[in-house]
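Reader: I am new to this structure and would like to learn how to read it. Could we go through it feature by feature?

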Amino acid sequence: MQKISKLSTSSISRRGFIKTSAAGAATVLAGKSVIFAAPAGRKMRVGLIGCGGRGNGALQNCLDAGEHIENLDLEVVATADWFKSKAEATGEKYNVPASRCFGGADAYKKLLDTNVDVVLIATSPNFRPVHFEAAIKAGKNVFMEKPVAVDPPGGRRIIEAGELAKRKGLAVVAGTQRRHQANYRRTQYAVERGAIGKIVGGCVWWCGGALWYRTQNSNESDADYMVRNWVSFTEMSGDHIVEQHVHNLDVANWYIGHPPDNALGFGGRARRKTGDQFDFFSIDLDYGDGVRIHSMCRQINGCDGGVREFFRGTEGQTMGGGGLRGKDISTPDFPEHKGTYCQEHVDLLNSILKEEPLNEARNVAESTLTAIMGRISAYTGKLVRWKDITENKSSPWYNLTLKPTAEDFEKGEVEAPLDDIPAVPGRDR
Ligand SMILES: NC(=O)c1ccc[n+]([C@@H]2O[C@H](COP(=O)([O-])OP(=O)(O)OC[C@H]3O[C@@H](n4cnc5c(N)ncnc54)[C@H](O)[C@@H]3O)[C@@H](O)[C@H]2O)c1
């Protein structure tokens, strides 16, 4: 093993420096830093589906990115949310006329009927396959938050719509933002070029405290309740192994280069009051060829935790936070404008303007399906193979569809699962 090379900006080896993208170093023009220039007079219209915390954040990140692209005029032209009041609140901030702030189950369709060029999608994950597919069919470029499905058919639908996006020349960027984060990109670049030899194992974690939850109001419909309390229902979020831990699983798939062959794990419920999710999961992911990754996630207060990824290679190891111990590999100066949440949008807009559309649909769908495979194993107690959720139509999990579906919400046929009745391994789902 050689030296520890901390792959931070200050200590990047400049030998063999490679300038990777037009969206690299910013120059300063008329008092404003400019990342790159669009053709003169270029305009793009942006719309947001899902005007919650992340949706509002993503919209601002997109505008912040546009601010630093010379000649680009970004305008927010429409908003959509399950609750019209939320669409209007976001619309008001950006001077969107009330007639273009849509509410209800079909709000996304109304937004897609406008002249919007770029759609940001940040609802709960259960709606993503339907909304993403509709956006691509409508010819829109998309930024969509992770995760992108809650069940195997949903994951496969994202992959198919992603392929359609490629054929149509549309850009798709996903909210698995570590793929746009400079320190992760440098480490991945070095690992891919043999800095730690061949990856043989590792562990990925998202272990933290409890998230928020909401109880059902008297006279509130089950649909409204589930939309408001989505982080408690597997049918809405996929459970937290999918909703949150997908970030770390995405890094494992990215660094290793493919999704796992199978998953066997367990989990349980200890403290939640609403919904039907587990509080913790521990999954053994078998990537084939002797490569195993331990995935662990927990949402319980008062416990030790951490959010990190660690990989052991035949000639070194990666450390949390972007460092590695292994061979010294020169890495490019990957850009990160105003943090990774903004860089995602710089990369999206740059790819549209250069007519070299990024397409991250398959990556994020495979990471989502990896998490779904782990969840199914923990819920059932069974070993679940990748092919059981992607190609083996006789598998009980190939067509596993969580209900109520997105279509049920549109038809107004929503019955919330009973609170506090989780899966029982050896017996269920
Ligand atoms: N990349 C990240 O680091 C990150 C961070 C936070 C959240 N997220 C993801 O962003 C998404 C949203 O999370 P959030 O924290 O903003 O949740 P949120 O509850 O604050 O917002 C979700 C919004 O979507 C709306 N909505 C739900 N169903 C809808 C439908 N069918 N049509 C239109 N609008 C609908 C809700 O009313 C709500 O306003 C989730 O997928 C989450 O996992 C990603």
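Reader: Which residues are buried in α10?

Author: Note at the start that this is a predicted model. In α10, the buried residues are V246, H247, N248, L249, D250, V251, A252, N253, W254, Y255 and I256.

Reader: What covers the buried residues of α10?

Author: The cover includes the helices α6 (182-192), α9 (240-243) and α12 (361-380). It also includes the strands β10 (199-208), β13 (292-299) and β14 (306-313). After α10 comes G257, which has a positive phi, near 105 degrees.

Reader: Into which domains is the protein divided?

Author: Domain 1 consists of 12-178 + 353-361, and domain 2 of 190-332 + 362-411. Taken over C-alpha atoms, their centres are 24 Å apart. The contact between them takes 33 residues from domain 1 and 37 residues from domain 2.

Reader: Which helix gives the most to the side of domain 1 that touches domain 2?

Author: That is helix α5 (residues 152-168), with seven residues. By class, this side of domain 1 has 18 nonpolar, eight polar and seven charged residues.

Reader: Which residues touch the most other members of the largest nonpolar core?

Author: The general idea comes before the case. In soluble globular proteins, nonpolar side chains tend to be buried together. Here the largest nonpolar core has 105 residues, and V46, L111, L120, I121, F132 and V142 touch the most other members. Helix α12 gives the most to this core, with 10 residues.

Reader: Why does this core lie between domain 1 and domain 2?

Author: Both domain 1 (12-178 + 353-361) and domain 2 (190-332 + 362-411) give residues to the core, so it lies between them.

Reader: What does V46 touch, leaving out residues up to four places away in sequence?

Author: V46 touches C62, L74, E75, V76, V77, V116, V118 and L120. There is also a second, separate core of 14 residues, with W82, V130, A406 and F409 among them.

Reader: How many residues surround the ligand?

Author: The ligand is surrounded by 26 residues, of which the closest are G50, G52, R54, W82 and E145.

Reader: Which element supplies the largest share of the shell around the ligand?

Author: Helix α1 does, with three residues. At least two residues each come from α1 (53-67), β5 (69-81) and α3 (107-112). By class, the shell has 12 nonpolar, eight polar and six charged residues.

Technical notes. Residues numbered from 1 in each chain as written. Predicted model: local features only at pLDDT ≥ 70, side-chain atom pairs only at ≥ 80, totals over all residues. Domains from an automatic or database assignment. Contact = placed C-beta atoms within 7 Å. Helix = DSSP H or I, 4+ residues; strand = E, 2+ residues; numbered from the N terminus. Nonpolar A, V, L, I, M, F, W, Y, C, P; charged D, E, K, R; others polar. Buried ≥ 20, exposed ≤ 12 C-beta atoms within 10 Å, placed from the backbone. Near = placed C-beta within 6 Å. Core = buried A, V, L, I, M, F, W, Y, C linked by C-beta atoms within 7 Å.
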